Amino acid sequence: MEHKKGVRMSKSIKQKNRIKQIKDFIIRIWKKQDTRYMINRFNDFMSLTKYHPKFESFWLQLQMPVVDSITYKLPIKIHKYVYNDKKWNVIDTLLFKYTWSEHESLISDYHCFFNKVTGFTIRFGKSVDDEPKYCDLGPEILDLEISVNGCPKVGGHNCKFCYKNNSDKPPTNMSFETFKKIFDSMPKCLYSIAFGITGVQTNPDFPKMLKYCRENDVIPNYTLSGADLTDEMIKITSKYCGAVAVSCYAGNNQLCYDTIKRLYEGSHGRLHVNMHIVLSEDPVQMAHLLNVLCDIQNKKVVGLRNIVFLRIKPVGRAANMNCKITLRTYRKIMQFCLDNKIGFGFDSCSAKTAARVLKELGHGDLTECCEPCESSRFSSYIAVDGRYWNCSFCERSDWFKPINVLDYDNFIDVWHLPEVVRVRNIETDQSCPVYDLDSKE
Ligand code: SF4
Ligand code: SF4
């Protein structure tokens with residue numbers, strides 16, 4: 001017993017020293033800025049999350065980037081904004097990004113901490129249990145389409161369920177100049193860009209865009225089939241991206257597994273390599289999905305971090321399909337993953353159902369990680385022609401009047417246009433505001 005106490009004691013001294021180190025570091029930086037208020041807010045943030053049981057297991061993910069920033073004396077950037085009389089601060093180092101709002105009342109209603117190495121993100125409002133409805137400053141995530149068509153065929157075909165209706169026809173690409181204009185208009189709270197590509201070679205400016213993101217404190221990621229992946233592109237991806245996802249198509253499992261292994265090994269395990277798979281009740285697709293889960297269980301997929309189920313939506317080539325997914329199906333695949341310790345996730349369109357099933361299966365604690373649709377609240381979608389839509393699944397629908405962001409120098413102005421605010425304020429009880437996706441049985 002005494003021995004155990006001793007161990008706990010030394011751990012807690014170590015911990016206290018680290019906290020002191022962090023505080024000294026923050027004070028040193030911000031003394032220069034003469035913003036005592038900022039020091040207090042950051043300290044509050046660190047201690048709130050430290051002592052809150054919700055973040056207990058994640059504390060290291062918050063602490064380590066700050067400790068390492070001190071140890072390696074990394075440069076710190078501080079960005080400040082004032083919009084509608086509200087003040088905002090963004091702190092950026094190579095390892096983390098932290099954004100928060102300021103109020104006269106001294107109670108901040110938005111905090112977002114992003115660990116640039118692990119991708120771990122936490123967001124909360126006035127208290128740790130308070131969930132902000134949206135970020136007033138701008139999006140945290142941008143889904144940016146940089147190519148249409150020009151897809152490398154997979155197994156001799158264009159993908160069966162492509163919601164964009166893309167094919168191997170000649171491509172339309174976004175130029176680097178257009179990309180840069182959009183990127184530079186974004187407020188610094190943006191921490192990640194998901195590139196909407198068709199093939200990795202389709203847009204010749206793609207590597208330059210990835211580099212520009214990383215050099216300007218935004219972590220890029222993208223999804224690929226692997227059909228046109230070169231060793232050179234693995235190097236570029238490994239250098240600039242935080243994560244990649246490899247789509248797994250029925251009949252072409254091996255291409256997916258080989259691509260995951262190449263990316264994982266080529267990056268020496270640094271990249272987070274996930275798999276994307278369409279979740280549909282279509283019998284061929286369901287048999288494929290179960291087959292893939294068995295392959296993962298049998299360790300046939302080397303280097304895989306998580307499998308991510310993308311719920312089918314009635315758009316593009318799936319427009320005329322029955323896109324209902326039963327609760328029974330969600331239960332079956334989640335139980336399988338939990339039983340076999342397979343890391344899994346869903347797109348936010350599934351979040352409400354996934355949270356319900358997790359609770360049923362006795363994993364209510366995991367619902368903390370289920371983020372319902374965040375379009376126009378925390379995330380944004382811009383198509384190849386520079387038009388903003390609520391999300392990529394609404395593109396070309398009557399549901400949203402698109403906005404040409406190239407007409408604006410500052411994306412914060414787009415973020416506050418009536419059309420964006422209209423959809424942001426639709427109350428849906430966590431359901432999709434556009435499609436009827438909730439499962440009832
Ligand atoms: S899913 Fe991707 S690769 Fe397949 S056709 Fe659509 S855009 Fe092209
Ligand atoms: S609006 Fe609907 S389809 Fe679009 S991201 Fe949200 S939940 Fe998904």
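Mentor: Before we start, a definition: Ala, Val, Leu, Ile, Met, Phe, Trp, Tyr, Cys and Pro count as nonpolar, Asp, Glu, Lys and Arg as charged, and the others, Gly among them, as polar. The model is predicted.

Trainee: How many nonpolar residues does the shell around ligand 2 have?

Mentor: The shell around ligand 2 holds 13 residues, and C349, C373, C391, F393 and C432 are the closest. Cys and Phe count as nonpolar. The shell also has 3 polar residues and 1 charged residue. The number of nonpolar residues is 9.

Trainee: Which charged residue is in the shell around ligand 1?

Mentor: The shell includes C151, C159 and C162, and Cys counts as nonpolar. N158, N166, T198 and S225 also surround ligand 1, and this shell has 4 polar residues and 1 charged residue.

Trainee: In which sense do strands β4 and β5 pair?

Mentor: Strand β4 covers residues 111-115 and strand β5 covers residues 121-124. F114 stands opposite T121 in β5. The two strands are joined over 4 bridges, and the sense is antiparallel.

Trainee: Which residue in the hairpin of β4 and β5 takes a positive phi?

Mentor: The hairpin has 5 residues between the strands. The phi in question is near 85 degrees, and the residue is G119.

Trainee: What percentage of the residues of the protein chain count as buried?

Mentor: The protein chain has 12 helices and 17 strands. A residue is buried if 20 or more other C-beta atoms lie within 10 Å of its own. Of the 441 residues, the share that counts as buried is 37%.

Definitions and conventions. Residues are numbered from 1 along each chain as its sequence is written. Chains are lettered from A and ligands numbered from 1 in the order in which they are written. This is a predicted model: local features need pLDDT of at least 70, side-chain atom pairs count only at pLDDT 80 or more; totals for chains, interfaces and linings use all residues. A residue is near a molecule or strand if its C-beta atom, placed from the backbone, lies within 6 Å of it. Two strands pair if DSSP finds at least two bridges between them. A residue is buried if 20 or more other C-beta atoms lie within 10 Å of its own, exposed if 12 or fewer, and partly exposed in between; C-beta atoms are placed from the backbone.
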